[in-house]
Amino acid sequence: MISLFRDAEALVRSEAEAAYPYECCGLVMGVLDGQDGDLRKGSALVVVANAREGDARRRRFSIGPEDFLRAEREAARLGLDVIGVYHSHPDHPAVPSEYDLSHALPFYSYVIVSVEGGRAGDMTSWRLAPDRSSFAPEPLEVDPGPARPES
Ligand SMILES: [Zn+2]
């Protein structure tokens, strides 16, 4: 399961709406918890510019190696790991495409948010099967996150 802090979940939605009608993308930072590290807590994002160009961004996203490196460094600075990839599906359901499957890596949680007519809707998460043949849905929940100090 992946548990996204509310602020991170809200940022995925706002980035997805801002990028519409193109796909937004980025990386999820957090920690692995629970037995076998199977509870993933996503607490912050690294927002990435979609490296695809022009109209290709409507149906594809790409994260460049320099952005992965930047995210790894940022995560290390915060004592976190890069645990997932998020992107949006403009006017498409929040299910992985064949393109997503062929470009996915093991380990990462793949968070997808659907954006219908510019408004973010369903959000789902997926994990690549060990043989890379398919995605399995991963339960996703929103965590209120750490309590903020009262002002
Ligand atoms: Zn996709």
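Student: Where does proline 90 sit?
Tutor: In this predicted model, proline 90 belongs to strand β4, which covers residues 81-90.

Student: Is proline 90 buried or exposed there?
Tutor: Proline 90 is buried, because 21 C-beta neighbours lie inside 10 Å of it, and the cut-off for calling a residue buried is 20 or more.

Student: Which residues does proline 90 contact, leaving aside its neighbours within four places in sequence?
Tutor: With those neighbours set aside, the contacts of proline 90 are Tyr20, Pro21, Tyr22, Glu23, Arg58 and Val115. Take proline 21 from that list: in sequence 69 residues separate proline 21 from proline 90, while in space their C-alpha atoms are 5.7 Å apart.

Student: And what about proline 21, where is that one found?
Tutor: Proline 21 is in the loop between α1 and β2, and the peptide bond that leads from tyrosine 20 into proline 21 is cis, with omega near 10 degrees. As background, most peptide bonds are trans.

Student: Ok, switching to the sheet: how many strands, and in what order?
Tutor: The sheet is open and has 8 strands, in the order β7-β6-β5-β4-β2-β3-β1-β8, and the pairing is mixed. Strands β7 and β8 (140-143) stand at the edges with a single partner strand each, so one side of each has no neighbour in the sheet. From one strand to the next, the twist averages 35 degrees.

Student: What packs on that sheet?
Tutor: Helix α1, residues 6-19, packs on the sheet and touches β1 (2-5), β2, β3, β4, β5, β6 and β8, and the direction of α1 makes about 35 degrees with that of β3.

Student: Which residues of α1 are buried?
Tutor: The buried residues in α1 are Ala8, Glu9, Val12, Glu15, Ala16 and Ala19. They lie on the same side of α1, because the arc that they cover around the axis is only 125 degrees.

Student: How far does α1 reach from end to end?
Tutor: Helix α1 has 14 residues and reaches 20 Å from its first C-alpha to its last, which is close to the 20 Å expected at 1.5 Å a residue.

Student: Back to the strands, how do β5 and β6 pair?
Tutor: Strand β5 (residues 109-116) and strand β6 (residues 119-128) are antiparallel and pair over 7 bridges, with glutamate 116 standing opposite arginine 119 in β6. The two strands form a hairpin with 2 residues between them, and in its turn glycine 117 has a positive phi of about 60 degrees.

Student: New topic: which residues touch the most other members in the largest nonpolar core?
Tutor: That core has 30 residues, and those touching the most other members are Val12, Ala16, Leu27, Val28, Met29 and Val111. At least two core residues come from each of β1, α1, β2, β3, α2, β4, β5 and β6, and β5 gives the most, with 5 residues.

Student: What does methionine 29 contact, again leaving aside neighbours within four places in sequence?
Tutor: The contacts of methionine 29 include Ser43, Ala44, Leu45 and Val46, as well as Ala71, Leu78, Leu80 and Ile83.

How values were computed. Residues numbered from 1 in each chain as written. Predicted model: local features only at pLDDT ≥ 70, side-chain atom pairs only at ≥ 80, totals over all residues. Helix = DSSP H or I, 4+ residues; strand = E, 2+ residues; numbered from the N terminus. Buried ≥ 20, exposed ≤ 12 C-beta atoms within 10 Å, placed from the backbone. Contact = placed C-beta atoms within 7 Å. Pairing = 2+ DSSP bridges. Axes fitted to C-alpha atoms, helices over the stretch in contact; angles between N-to-C directions. Core = buried A, V, L, I, M, F, W, Y, C linked by C-beta atoms within 7 Å. Expected span 1.5 Å × (residues − 1). Arc of directions from axis to C-beta.
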